[in-house]
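Please look over the two chains and how they meet. A short report follows.

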Amino acid sequence: VRFLLRRLGWSLFVVWAVVSIAFVVSNLLPGDPARMVAGVQARPADVERIRQQLGLGDPALVQYAHFWRRLVHLGPSVIDAKTDPAHANCAVVLPLGATAWHVDLGRSAQKRQPVVDLVATRLPRTLALALQYVFARGLGWLPLDGFGTTLGEHARCLVLPALTLGVYGAAYYTRLVRDEMVVLLQQDWVRTARAKGLSPTRVVLRHGLRNALLPIVTAVGLDFGALMGGAVVTETVFRWPGLGELSVKALLDRDGPVILACVVVTSMAIVAANVIVDALYARLDPRVRSV
Amino acid sequence: MQDGAELTADDVKRSAERALHPTTPNPNASYFENLAGYEAYAAGRADHLTGVVVEGRYVVAFHLTKPDSTFPYLVALHTLRPTCKTAGDRYSDTWLPCGAGPFKLAPNDWQRGTSLRLVRYDGYFRPGLPYLDAVEWTFNMQALAQRVRFERGELDLARDLTDADWARFTTDARWRGLGVVEADTSIYGESMNTRIPPFDNVEVRRAVAAAIDREHQVLVQPSRMSVLTQALPRALLDDPSFAGQRYDYPAALEHMKKAGYPYDPETHEGGWPHPIEYLVYDQSLTFLTAQLVQQDLAKIGLVIHFKMVSYAAFLTLQERMGASAMSNGNWVLDYPDASSIFDPLFTTRAITPDGSFNTAFYSNTRFDELAARAHLETDATVRHALYREANAILCDEAPWAFTFGHHTFDMRQPYVHDFASHPVWPLDVSHVWVDRAGVALEHVLGGGLR
């Protein structure tokens, strides 16, 4: 418990630091956020009024305090105004779908798979369009895009985006798990397990894969956080209104509050993923608990 | 109205006060600065707009501080649309849109960035309209998905198609004739800062205007771009007898000579001796056309160096006095009148040290006078004559080299009828009707059904 509490304390500090840095950077960026909100053809008088309404004319420290007050109080904010449950839904579901089958692919890849390696190193956009072309346009098995309105439609709509993200990262996971497994399966305790007469599946799963999980858990944790905010191409092609697309649009529009909101959500996701990874470390390897 | 109440003059006044209240984040409020009492109301010194007067149950009068022939267009902007009483006296971003239009938004039928579903409002004031039970708009669909869905018949209309799709649909016998080209309501051009050398020299600007091959430029996006030789979109002023700015290479060389910077295309000697900084941002159409401009201007002795920035930085620098010698400018009509372009882009009063929409920092007394007189002139014929003269001044003095207009290309299914793009409301579907059964029968029985 102390281990986890210590990790949580550090996590809160990291989130505060990241958001604060993002706030400073957002204020230093060239351009006028009020202008971007009002529209590029809005007249100066209207831009100025909107600047005042958004509090952008206040000193930076006042804006900073105002931002944290709204964030902590969970009151009405730009996040509420510009996002909807679909964003959060997509942000979580897509990475989950992608990472789940990454690990499964890696587990089964105890030998070199050149085709997977080749496919997985293609650009995600090309891959997304190819999958869309074959499975949605050609075969008609799956929807072209969107995320549906029912649970069944959600599931069907998830397949192609998750496949795209999954294939893209497959090479890395395949190599990672394969390298670990190749080394581990040559260890003495594995030979002993085989000599005891255990089935090959049990040897691989219990004595091999469990010991190979430490680096995999690390990679999954990092990937999950990155996918939360980084699946821009996939989100765009499949018209999933996710955080990545929202972040890029906010950056292009110089929309400071939305940039900050995305940073808050993404950094919290990464930190949460790391806390979970730390907890899993402790579970998988008792030596970590004493660190 | 869509909440069942009757639309009266009181609703018009309440909606105007709601839209123009100082706490409303209205990006168009200052358009109404000529409305009597606007200044005090916008500053929070008055509780009501004195210029909007209810004169009867169905009569409302707008009083202006000075005559303004563009005011009827301004009143028609969506800003002053009548809203239901349920919308209240003050704006809130949580209100459910409710007005007097042909379609209404049902709760939870708007997925931000994804789709919007509108259902027919049976109490619409135009009898019998609209014909459709509901309309669902889908946003941010990728080109491939849109084309495939349209071909499968899953979409009734496809908007803003790519050049490849345009080529396919306009040459395929199954789809030919079903395309709809939206009106050109925008202008694009090369803005030259008239206060920075060499563009403080009108002959250099004329040389640039004559050196740019517009026919070449529109090949970048042939389905969406059309040659523009004047300051106004063709949807506003289409006079074939007016030459405007045309590609004329010998004339461009002659203008460079008159400017004092003669250039010899054979020896590549002469021209302006310094590189000219051209502000550009990536991820835009103009990043492509800028490269063509660079090639064209090199042929008259003007060397262009690109300065790549983000879009936000682009706007800041382009509109700052003395910060940028040349950049691409573009503008979309806010309302269908020449003043929507002339006033913000080319009048002296639009010049400010920062945030100047007059990015050429161009000033001409005669032009200012014409633009001001046009506002006061209520006779449409006289007003158009004033605009034509103002347009001619801009083409001659060339604060911009006007290059192309931009429009979108849409496709409709054969069973979609009466979809015609309107220059002001391009997606008005209140008159659209569909007849899938008729088209299917026609397909089976042949043309005899007609």
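Which side-chain oxygen reaches to within 2.9 Å of the backbone nitrogen of B:E203 at the start of helix 6 of chain B? That oxygen belongs to B:N201.

Helix 6 spans residues 202-211 of chain B, and nine of its 10 residues are buried. Buried means under 20% relative accessible area, with a 1.4 Å probe and protein chains only. Helices are DSSP runs of H or I with at least four residues, strands are E runs with at least two, and both are numbered from the N terminus. Among the buried residues are B:E203, B:R205 and B:R206.

## Basis of the model

This is a predicted model, in which local features need pLDDT of at least 70, side-chain atom pairs count only at pLDDT 80 or more, and totals for chains, interfaces and linings use all residues. Residues are numbered from 1 along each chain, chains are lettered from A, and side-chain values use heavy atoms, without hydrogens or water.

The mean pLDDT (confidence per residue, from 0 to 100) of chain B is 92. The complex has an ipTM of 0.84 and a pTM of 0.79.

## The interface

Chain B brings 38 residues to the contact and chain A brings 37. Contact means heavy atoms within 4.5 Å. Three salt bridges cross the interface. Here a side-chain nitrogen of Lys or Arg lies within 4 Å of a carboxyl oxygen of Asp or Glu. One pairs A:R43 with B:E33, with the closest N and O atoms 3.9 Å apart.

B:T114 sits in the loop between strand 3 and strand 4 of chain B. B:T114 is buried, at 6% relative accessible area. Its contacts beyond four places in sequence include A:F147, A:R239 and B:W137.

Note on methods:
pLDDT = per-residue confidence, 0-100. Buried < 20%, exposed > 50% of the residue type's maximum accessible area, 1.4 Å probe, protein only. Polar contact = N/O pair within 3.5 Å; in protein donor to acceptor, adjacent residues only side chain to side chain.
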